[in-house]
2 protein chains.
Amino acid sequence: MTRTLIKDSISEIGKKIIIKGWVNSVRSYGKLAFADIRDRSGLIQVVGGKDLGGVKVESVVEISGTIRPRDEKYFNDKIITGKIEMEVEELKVLEASEELPFDIHQPDLNVGLPVLLDNRAVSLRHQKVTDVFKVQATIMKAFRDHLNANDFTEISVPTIVTGSTEGGSEVFPVDYFGHKAFLAQSPQLYKQIMVSIFERVFTLAHAYRAEPSVTTRHLTEYVGLDCEMGFIEDWTDLVKMADSTVKAIFKAVSEKHQDILDEYGVTIPKTCENTPSLKLKEALQIIYERTGRDVRNELDMDPEGEREICRWSMEKHGSELVFITHFYTKKRAWYSYADPKNPQETLTLDLIGRGVEWISGGQRISNYADLQEKIKSRGQNPIDFEIPYGQAFKYGMPPEGGFAIGLERITQNILGLENIRQATLFPRDMERVDKRLPKIEKAKK
Amino acid sequence: MTRTLIKDSISEIGKKIIIKGWVNSVRSYGKLAFADIRDRSGLIQVVGGKDLGGVKVESVVEISGTIRPRDEKYFNDKIITGKIEMEVEELKVLEASEELPFDIHQPDLNVGLPVLLDNRAVSLRHQKVTDVFKVQATIMKAFRDHLNANDFTEISVPTIVTGSTEGGSEVFPVDYFGHKAFLAQSPQLYKQIMVSIFERVFTLAHAYRAEPSVTTRHLTEYVGLDCEMGFIEDWTDLVKMADSTVKAIFKAVSEKHQDILDEYGVTIPKTCENTPSLKLKEALQIIYERTGRDVRNELDMDPEGEREICRWSMEKHGSELVFITHFYTKKRAWYSYADPKNPQETLTLDLIGRGVEWISGGQRISNYADLQEKIKSRGQNPIDFEIPYGQAFKYGMPPEGGFAIGLERITQNILGLENIRQATLFPRDMERVDKRLPKIEKAKK
């Protein structure tokens, strides 16, 4: 007899089947014991004797028994098997669990983040924690499906590099056979190169930021949902693609995981047909007009401004999302394309929603000579970027741009999680690589 | 007027359209010039004047013009637009290309691998090189689709770790805020942990091997198509899943890319319904019987043996693939599950085809005490593996196992490429990180 998944047991009333899973809970009443057994498909109540009562929760069991209807007064409409139960005939404990460090069977895990991460293999078993990563899997799939449907080709690019891609010194050094290499800050330069091959490409790439700070929105290792497209008519093509991509992700999550959204008490952000779009300058003006806070000469939008502009977008357009565009050239990455009408501004975009950033992108410099000038103007040598990046431009690059969505950030944003670590299976930060790192007297930089 | 993709131009005869792409070739005849324009969808011949004749190949152009039928004697059945051409009305050079370092428009790229990699952004534009990565994208998608259809959940796991996962010292050290960390040799320990959450998981993970050698089958950074499944009845469930996965990949590649298989002059490996499976010992016996070469006491199969056993499989079973199982315990990774009937052997498997390895996997130790014993027996301290790996077992792990397919290797194997670097967009090895690395007098280890 082979295993029946718990969700399929509801069509087996009166029959003897085998189920396998973890003991989610046990309740003993003398000679009688009840347990909930969990597998990847759901939960079922089983009824047995003393041996069942003695099994520790989270032990892995194989049970053969007969499925029978429950008495109506014991119906449980919270689980799909709520109208049946299994009468245990044979119980095998495949692996016994030890005593858990904390209770993972309550609706909420009332444990602080450090303890939760110190016991990650345990906390991940909690239903509500597990559910975060079901949503995350759906986000990855929706991103790929949407871009495949739009004729993008998936690529895989390296993470060991010889220079900083985004500028700045926040890179992790790698000892590469005695040479100094680094972990890539993003797949940016490689996805741009690949535009000259496939026109439209995407990649899910690990990226690394050695920012020496601990916040609720930063990880040292994260996953970028990155794409890049060539032959854009202009930068608004990027706005449209970013808009349709995030909406495709919303659609997939709400179709597949309404139960999880309910469990977290959240809704998918409200959107309108064309997400509103404001130049940074316009947005700062609106914030000034609405609040009296004079931010008109700021070079960027602060978190308070982001929240205010989201309120504006919701009130004026019924959209919790809003694009901010035309960030200042000196504040954006060196490969950003300056607006020919006003070189102080770049044709870049951020998607803001619920007061935080969801997507960042923009048009890139595609002319070889301009690119070399730009690299020089930042005090760097174009030769260092020539192989293979410069080459892609030297031999003809179409007008192009792209954007990136942080996988953990969009998961955090959709589910309204307080800390990005909750949206990461095994988060890395300055203080932790699985285990907490020992304090260093004076960290080498 | 918006851009028409070249493949769609065949339904625009008599109409004026705009195409955009790269100049694939130019032929000048005085006042008349012909050019082939390439975009992501195909090639088209355009007919123009002197200005067209003067454009350098690989320049990026936008051309408006009228589509007209070709004279029948000029039909070209090698391209989908072979019965039409475009009469150029307006030509815009969006980005001019410089002189190419070598010709990329011949059917074969007759350039040595070092030059090809020194000019990677150029060589990738060659049709036959580009095609490798179309196949690779299909392999990634087929792997995911097959596992999603089998109820696996996609996960994303970290690559910065604090220890060696596979044993051995071939790891790259990372300076992690002054702490010593490493690049993961595989996602192995994390995918195992995740079996205790989702039962069935898969991930496409970058993995790093600091092997100080340069061969045609090794990279220092590669992508593993990794999966892991819990509640196996026994290890043969893994053989079945590996078998169906590789066949799903074959099916997707042959359905989508017959043209590329033809271009490379290769066929998808012949398979039979149940791929034959031999214990290592049985395989060595067969090699001895067939060749007289006495390898019966060897601890592993050598390349010559792999080729011979593939010949056997083809002759006896009509299958170019064959599973070899029951590798010796001392030759396999420490987490491998020993056969209870003979602890000298593990319940592990390799899929061999055309004389090389395609897949490697096996059942893992799932009992917490056994795992601790095993770690100790290898001279290591279980405490170093406890967070989070050991924890997953301490609280109940089902019987489980999994396998991994090297993305670049399976691409190389399917297309019959001589060197794994040809199956990698931007290959990393001991001597190259995009650019060739300078010689080091004495490499630090």
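Biologist: Which domains does the assignment give for chain A?

Modeller: Domain 1 covers 6-95, and domain 2 covers 120-269 + 354-436; such bounds come from an automatic or database domain assignment. This is a predicted model, where local features need pLDDT of at least 70, side-chain atom pairs count only at pLDDT 80 or more, and totals for chains, interfaces and linings use all residues. Residues are numbered from 1 along each chain as its sequence is written, with chains lettered from A and ligands numbered from 1 in the order in which they are written.

Biologist: What separates the centres of the two domains of chain A?

Modeller: 43 Å, taken over C-alpha atoms.

Biologist: Confidence next. What is the mean pLDDT of chain A?

Modeller: The mean is 96, and 98% of the residues of chain A reach 70 or more. pLDDT is the predictor's confidence in each residue, from 0 to 100. For the complex, the predictor gives an ipTM of 0.97 and a pTM of 0.97.

Biologist: How many residues of chain A are in contact with chain B?

Modeller: 83 residues of chain A, with 83 residues of chain B. Contact means C-beta atoms, placed from the backbone, within 7 Å.

Biologist: Which helix of chain A gives the most to that side?

Modeller: Helix α4 (residues 127-149), with six residues. Helices are DSSP runs (H or I, at least four residues), numbered from the N terminus.

Biologist: What does Ile37(A) touch?

Modeller: Not counting residues up to four places away in sequence, Ile37(A) touches several residues, including Ile6(A), Ile19(A), Val46(A) and Ile63(A).

Technical notes: Contact = placed C-beta atoms within 7 Å. Helix = DSSP H or I, 4+ residues; strand = E, 2+ residues; numbered from the N terminus.
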